[in-house]
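Here is a friendly walk through one protein model, for a reader who likes cut-offs stated plainly. Please keep the viewer open as you read.

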Amino acid sequence: MTQTVENNVLAEAKSIQDCVEKYRVDFHRHPELSNEEFRTSKVVAEALEKLGIEVHHVGKTGVVGILKGKFDGKVIALRADMDALPIQEQTGLLFASENPGKMHACGHDNHISMLLGAARLLSEKKEQLHGTVKFLFQPAEEIAEGAKDMINAGVLENPHVDYAFGMHIWSDIPVEQVVMPTGAFMASADLWKLKIRGQSSHGSAPWQGHDALVCAAAVVQSLQTVVSRMNDVRTPVVINIGTLKAGERFNVTPGIAEMDGMNRAFDAYARKQIPKWMEKVIKNTCAAYDCDYDFDYNFLCAATTNDVKITPLAQKAVRKVIGDENLVNWEKIMGSEDFSAFSEKIPTTFMLLGCRNEENGCCYSQHSEHYNADQRALPIGVASFVQTTLDFLSE
C-alpha cells in the first residue's frame, strides 16, 4: 500500500494477525457443510464469550454476539458466513482439510476469522462505543438459506439493527484492493425444475409416441430467446440449464425428460418476469410436440444491493484503511450472495476483499479444489469491519 501514514485501526488489525491466522488455519482444517457447522459455531461462541461478548445461539448452528457500548446509540450488524463446500481439497496446504470431501473453497474460513478479529478489537473499544454491535455468524450461505433463517429467527431485532455490513474475500481481485460500489452489483439467484411428460415408444417407431427428449432439446434452444428477445438486453439476465436427463435405453424413445437450472438478474422487474417468460416458451413448445409439463420455480435470493445513502460512509471508512487508490471499480458480478436477504429488510453494504496473488498460487477461482487466499487480506478485512463500525456509530 502506498499510504505514508498507516491507519491506526489497520495497525491494530496487523498486531493481531497471528491470532486471526490461527483461527483461519483451524477453520480451514475442519470445514463443515451448510447447516452442519456444529464445531465451527462452538469455536466461535467460545471465542466471543472469552471477549465478554453476550452470545446467543440461533437455529442449529447460527451464532449472534452482542456488544453493547458504554453509550446509547445506533445498532450495526457485522456478518460472516461459516459453511464449506462438498469438494475434495487439492491445495497441498499443510493445514488442508481433514474432513474428506469437504473444503473451505470459497473463503468462509477467512470471513469467520476476520469477524472474530474485529470482535476482539471492538470489545477493547467498548468504553468508547456509542451504540451496539451485533456479530452475525451465519450458516448455510452456500445453499442460500442461512440469512433468511437468521432473519426469521429475529437476529435483526432486540435490539433492532439499523445497518448491516458484510464482506466476501474474492479471488479475482488483487490482494490489498477492495470493491464496494453502490446499487446492485451481485446478481439474484433463482432455482427452477422442469419435467416434460411425453409418451415412450420403441425406437424404431417414434411416431407411435411423443418424444420428450426432442421436446426438451427444443425447450433448451428456445429458452435462450427469453434472454435475447423478451428481456431488455440493457438489464442482463442469465438462464442456465444445468442438467438434462432423459431416456433409459438406446432403442426406446424417452417419455420423460427432466432439466433444472439457475437464473441470474440484477433488475427486480426482469427477475419477476423471467418465470412468466419461461413458462410461455415451455407451454407452447410442449404443445407443439404433444407433451405435457410440470414447471417449478423458486425465488432463492435477490440481487445484492448496496444502499446508496449509507454505502458512501462505508467507502470513506475503508479508504481510511487502504487508501483512495485501492478502492477500485469492478464489473458487476453474475454470482450471488444470500446477504441480499438482509438488504431486503434494512440498509446494507457488502464489500469484496481482494485476495489474489499469482506469485504464491492464490489465483484460483472460488469453488476450485485448489482455492487459497493471500493472508495479507486478513488485517484489511478486520480493519474494514472495525473502521466502518466506528464511523457508523459515531456519525
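The report below goes from a sheet to its helices and then to the nonpolar cores.

This is a predicted model, in which local features need pLDDT of at least 70, side-chain atom pairs count only at pLDDT 80 or more, and totals for chains, interfaces and linings use all residues. Residues are numbered from 1 along each chain as its sequence is written, and side-chain values use heavy atoms, leaving out hydrogens and water.

Let us begin with the sheet. Four strands form an open sheet in the order β10-β12-β8-β13, with antiparallel pairing. Strands are DSSP runs of E with at least two residues, and helices are runs of H or I with at least four, numbered from the N terminus; two strands pair if DSSP finds at least two bridges between them. At the edges are β10 (237–246) and β13 (292–301), each pairing on one side only. From one strand to the next, the twist averages 15°. The table lists the pairings.

| Strand pair | Bridges | Direction |
|---|---|---|
| β10 and β12 | Nine bridges | antiparallel |
| β8 and β12 | Eight bridges | antiparallel |
| β8 and β13 | Nine bridges | antiparallel |

Now for the helices. Helix α6 (residues 212–230) lies across β8, β10 and β12, at about 175° to β10. Helix α7 (residues 268–288) lies across β8, β10, β12 and β13, at about 170° to β13. Axes here are lines fitted to C-alpha atoms, for helices over the stretch in contact, with angles from 0 to 180 degrees between N-to-C directions. The axes of α6 and α7 come within 9 Å and cross at roughly 145°. Among the residues that meet there are Val-219 and Leu-223 in α6 and Trp-277 and Val-281 in α7, where contact means heavy atoms within 4.5 Å.

Finally, the cores. A nonpolar core is a set of buried Ala, Val, Leu, Ile, Met, Phe, Trp, Tyr and Cys residues joined through side-chain atoms within 4.5 Å, and buried means under 20% relative accessible area (1.4 Å probe, protein chains only). The largest has 65 residues, of which Phe-135 and Phe-137 touch the most other members. Helix α10 (residues 377–394) gives the largest share of this core, ten residues. Apart from it lies another core of 26 residues, including Ile-66 and Phe-342. Beyond its neighbours within four places in sequence, Phe-137 has contacts that include Val-44, Leu-48, Met-82 and Met-150.

Methods: Buried means under 20% relative accessible area, exposed over 50%, partly exposed in between (1.4 Å probe, protein chains only).
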